[in-house]
Amino acid sequence: MDLRQLLTCLSLCTAFALSKPTEKKDRVHHEPQLSDKVHNDAQSFDYDHDAFLGAEEAKTFDQLTPEESKERLGMIVDKIDADKDGFVTEGELKSWIKHAQKKYIYDNVENQWQEFDLNQDGLISWDEYRNVTYGTYLDDPDPDDGFNYKQMMVRDERRFKMADKDGDLIATKEEFTAFLHPEEYDYMKDIVVQETMEDIDKNADGFIDLEEYIGDMYSHDGNADEPEWVKTEREQFVEFRDKNRDGKMDKEETKDWILPSDYDHAEAEARHLVYESDQNKDGKLTKEEIVDKYDLFVGSQATDFGEALVRHDEF
């Protein structure tokens with residue numbers, strides 16, 4: 001993310017904060033659905049295709065013959081089998097599905113990578129990121145645009161260090177992805193909570209009280225009457241956000257709010273795929289078992305769904 005992108009992001013955040021009083025600001029990170037298709041195997045396997053491959057990649061398989069689909073699926077199975085033991089477990093399937101669903105994130109990182117990897121060594125150091133993102137702006141103690149770049153840099157450095165697991169201030173592509181998209185990584189969740197609390201906690205007491213909570217998503221802007229959704233949010237804060245009823249949210253309560261333990265769609269889909277494909281019922285899949293049920297995992301232009309359903313019902 002270069003400075004222009006950073007400022008664009010900040011501008012959007014500012015615009016969001018100053019948007020119409022009736023517009024609700026949402027900080028909650030929900031797990032997205034795996035597909036917008038209906039999950040009904042009696043009608044089609046389109047949901048499973050989107051879940052397993054990602055919606056965009058699934059479309060490419062629809063143009064293939066069954067033979068081509070099976071061949072490409074076999075190559076995918078080799079990638080899913082992380083420990084190379086010849087079997088695909090439910091856990092490996094879950095990891096693959098989560099990765100496929102977050103392809104847009106990896107594409108975003110890929111698009112930015114060359115901009116930050118100045119020495120082309122396949123890594124991004126903190127110095128490289130700092131120089132590209134801030135550059136000479138740090139030399140101006142009083143910029144005209146009103147942004148405090150030194151403060152922003154301190155916050156970025158803290159997040160970069162959190163993403164950098166081995167502490168060498170040099171990020172691999174995975175670590176850089178965690179830096180840019182911390183909400184997607186379990187080990188980065190504390191920094192997401194910390195940054196959120198810093199944004200909302202105006203009196204800097206380490207907690208979020210009711211008025212700070214409401215103030216983050218709604219500005220009275222001279223209006224005496226609050227919209228109904230604001231009144232509902234006040235009730236939500238008292239009844240559900242503030243679990244220990246002390247009038248404020250601490251770190252754990254804030255984490256429960258912005259990073260809820262949602263239903264794990266990827267885990268449920270992995271379990272479903274194993275159940276439908278596991279012919280010998282040993283709880284894991286061979287490449288043969290997966291390819292034999294290729295119509296469940298991927299599409300093809302010549303798949304006869306009626307015939308597929310017959311085979312589907314046999315297991």
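## Charges over aromatic rings

K173 lies over the face of W113, 4.9 Å from the ring centre. The charged end of R159 is likewise placed over the ring of F179, at 5.9 Å from its centre. A charge is counted as sitting over a ring if NZ of Lys or CZ of Arg is within 6 Å of the ring centre and within 35 degrees of the ring normal.

W113 and F179 also belong to a cluster linked by ring pairs, together with F116, W126, Y129, F160 and F176.

## Basis of the model

This is a predicted model, in which local features need pLDDT of at least 70 and side-chain atom pairs count only at pLDDT 80 or more, while totals for chains, interfaces and linings use all residues. Residues are numbered from 1 along each chain as its sequence is written, and side-chain values use heavy atoms, with hydrogens and water left out.

## Overall composition

The chain contains 17 helices and four strands; these are DSSP runs (helices H or I, at least four residues; strands E, at least two) numbered from the N terminus. Of its 315 residues, 41% count as buried, that is, under 20% relative accessible area with a 1.4 Å probe, protein chains only. Contacts are heavy atoms within 4.5 Å; among those between residues at least 6 apart in sequence, 60% join residues at least 24 apart.

The whole structure holds 16 aromatic pairs, meaning rings of Phe, Tyr and Trp (its six-membered ring) with centres within 6.5 Å. F52 lies in helix 2 (residues 46-53) and F297 in helix 16 (residues 294-297), so the pair links parts of the chain 245 residues apart. Both F52 and F297 are buried.

## Crossing of helices 4 and 5

The axes of helix 4 (residues 66-80) and helix 5 (residues 90-101) come within 10 Å and cross at roughly 110°. The two helices are therefore roughly perpendicular, a term covering angles of 65 to 115 degrees. Helix 4 contributes I76, K79 and I80 to the contact, and helix 5 contributes E92, L93 and W96.

## Surroundings of helix 11

Within helix 11 (residues 210-217), the residues E212, Y213, I214, D216 and M217 are buried. These buried residues pack against helix 10 (189-200), strand 3 (208-209), helix 12 (228-241), strand 4 (248-249) and helix 13 (251-258). At the start of helix 11, a side-chain oxygen of D209 comes to within 3.1 Å of the backbone nitrogen of E211.

Key:
Buried < 20%, exposed > 50% of the residue type's maximum accessible area, 1.4 Å probe, protein only. Polar contact = N/O pair within 3.5 Å; in protein donor to acceptor, adjacent residues only side chain to side chain. Phe/Tyr/Trp six-rings, centres within 6.5 Å; stacked < 30°, edge-to-face > 60°. Axes fitted to C-alpha atoms, helices over the stretch in contact; angles between N-to-C directions. Parallel < 35°, antiparallel > 145°, perpendicular 65-115°, else oblique.
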